[in-house]
Amino acid sequence: MADPTERCRRRGGGGGLAGCPRTTKPWWRLAVLLFSVSSLPAVTALVDGLYCGTEVCYDVLGVTREAAKLDIARAYRQLARRYHPDRFRQGEPGLEGETRESAHTKFLLIATAYETLKDEDARRDYDYMLDHPEEYYQHYYTYYRRQLTPKVDVRIVILVTICAISIFQYYSWHSSYNEAINYLVTVPKYRIQATEIAKQQGLLNRTKEKGKNRRTKEEIREQDEEVIRDIIKNKIDIQGGYQKPNLSDILLCQIVLSPYYLTQYASWYASWFYRFTICREEYGEEEKFYIIRRNMKMSQSQFDGVDETTRQSFLEKRLWIRENYELHRNEQEEEMKVKMATDPRMKRYRRWMKNEGPGRLTFIDD
């Protein structure tokens, strides 16, 4: 049985006989597709939400793409005078048919066009969008990245933040130091010692004043208090969180001096490695204290607060050796357990926790 298509071809199927399908030539479909693709960039070049929307920013200001910044600024000022809400007068020549609402919308569009074209980077991105409209998502990313980028230099923000933290840090340390001095002034032990030192230096044994320069008892008392306070400041070395504030310890100085500290640490570490790892030198007293402090996980200020007798006992027990330190730590823990077990206050505390501790239900009225 012959194929229907072959039968129609023998009959002259191109003539459109009944029962024979008409042959469709595909060339016109390809032409329509090419025309649609070629016209697509022109349609998608201007998108609502980007720059001036469906309007060309150059046309909004009435300038060409080759216009200089001065010409763009001049065109903006001329249009702003006409459409600014405070200067708009309905019915003026050239503004026929414009209402206050439409003039306000036009002014916003003019301002957007000027903001886009006055900046070199924004204008370059906008020109690229006009020339390459097919990069749809890239234009969205570039536009919103520029809109969301902080207008202030991030480096300035970081610098101001660091300065503010440093000022607060120094003020806080200074307040803590003054609190410690005020407390030590009231302690009888330190107050008596400071008074003796002041008398030996002749700061309190003063002759009585006569005449107009004679001071009241309150003034003399205040001056004596200040003398005692100064002696305590100079004679007592406060360590830890209440130590005297130093400008080199604040955050700003630490960041500025960080290259120096890093270089100093690198040189110290290289020297340590060369002396005690390669050359096998014996540790000195300073090195031994450093290893002991590192084993105890204490800062330099904390270790400096340890009395000299205790530090010498560390050397006698050879705590810079890891095995000796582990044994010493275990002994300290056992001593603490025994002390807590035999301490009357701890016994009372455990008895209270067992019988009347928090969370225990009771039906006693009081």
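Visitor: What does the secondary structure of the protein come to?
Guide: The model is a predicted one. Of the 366 residues in the protein, 23% are buried. The protein exposes about 28,000 Å², of which carbon and sulfur atoms supply 56%. Its secondary structure comes to 17 helices and 0 strands.

Visitor: Which residues touch the most other members of the largest nonpolar core?
Guide: In soluble globular proteins, nonpolar side chains tend to be buried together. The largest nonpolar core here has 29 residues. Those that touch the most other members are L61 and Y126.

Visitor: Which element gives the largest share of this core?
Guide: Two or more residues come from each of helix 3 (57-61), helix 4 (69-83), helix 5 (100-118) and helix 6 (120-131). The largest share, 7 residues, is that of helix 4.

Visitor: Within what arc do the buried residues of helix 4 fall?
Guide: Helix 4 has 15 residues and reaches 21 Å between its end C-alpha atoms, close to the 21 Å expected. Its buried residues are I72, A73, A75, Y76, L79, A80 and Y83, and they pack against helix 3, helix 5 and helix 6. Seen down the axis of helix 4, these buried residues line one face, because they fall within an arc of 165°.

Visitor: How far apart are the end C-alpha atoms of helix 8?
Guide: Helix 8 covers residues 154-186, and its buried residues include I162, Y177 and V185. What covers the buried residues of helix 8 includes helix 9 (188-200), helix 10 (217-235) and helix 11 (251-256). At 1.5 Å a residue, its 33 residues should span 48 Å, which agrees with the separation of its end C-alpha atoms, 49 Å.

Visitor: Is Y51 buried or exposed?
Guide: Most residues other than glycine have a negative phi. Y51 has a positive phi of about 55° although it is not a glycine. Because its relative accessible area is 10%, under the 20% cut-off, Y51 counts as buried.

Visitor: Is K297 buried or exposed?
Guide: The place of K297 is in the loop between helix 13 and helix 14 (300-304). Its phi is near 55°, a positive value in a residue other than glycine. The relative accessible area of K297 is 76%, over the 50% cut-off, so K297 is exposed.

Visitor: Which residue joins its side chain to that of N295 in a polar contact?
Guide: N295 is in helix 13 (residues 285-296) and counts as buried at 10% relative accessibility. Leaving aside its neighbours within four places in sequence, N295 is in contact with L319, W320, R322 and Y325. The polar contact between side chains is 2.9 Å, and the partner of N295 is R322.

Visitor: How far from a polar atom of the side chain of S267 does the backbone oxygen of Q264 lie?
Guide: S267 lies in helix 12 (residues 258-278). At 44% relative accessibility, S267 counts as partly exposed. From a polar atom of its side chain to the backbone oxygen of Q264 the distance is 2.8 Å.

Note on methods:
Residues are numbered from 1 along each chain as its sequence is written. This is a predicted model: local features need pLDDT of at least 70, side-chain atom pairs count only at pLDDT 80 or more; totals for chains, interfaces and linings use all residues. Side-chain values use heavy atoms; hydrogens and water are left out. Helices (H or I, at least four residues) and strands (E, at least two) are DSSP runs, numbered from the N terminus. Buried means under 20% relative accessible area, exposed over 50%, partly exposed in between (1.4 Å probe, protein chains only). A polar contact is a pair of N or O atoms within 3.5 Å; within protein, one must be able to donate a hydrogen and the other to accept it, and residues adjacent in sequence count only if both atoms are side-chain atoms. Contact means heavy atoms within 4.5 Å. A nonpolar core is a set of buried Ala, Val, Leu, Ile, Met, Phe, Trp, Tyr and Cys residues joined through side-chain atoms within 4.5 Å. The expected span of a helix is 1.5 Å times one less than its number of residues. The arc is that of the directions from the helix axis to the C-beta atoms. Accessible areas come from the Shrake-Rupley method with a 1.4 Å probe; for residues, only the protein chains shown count as cover.
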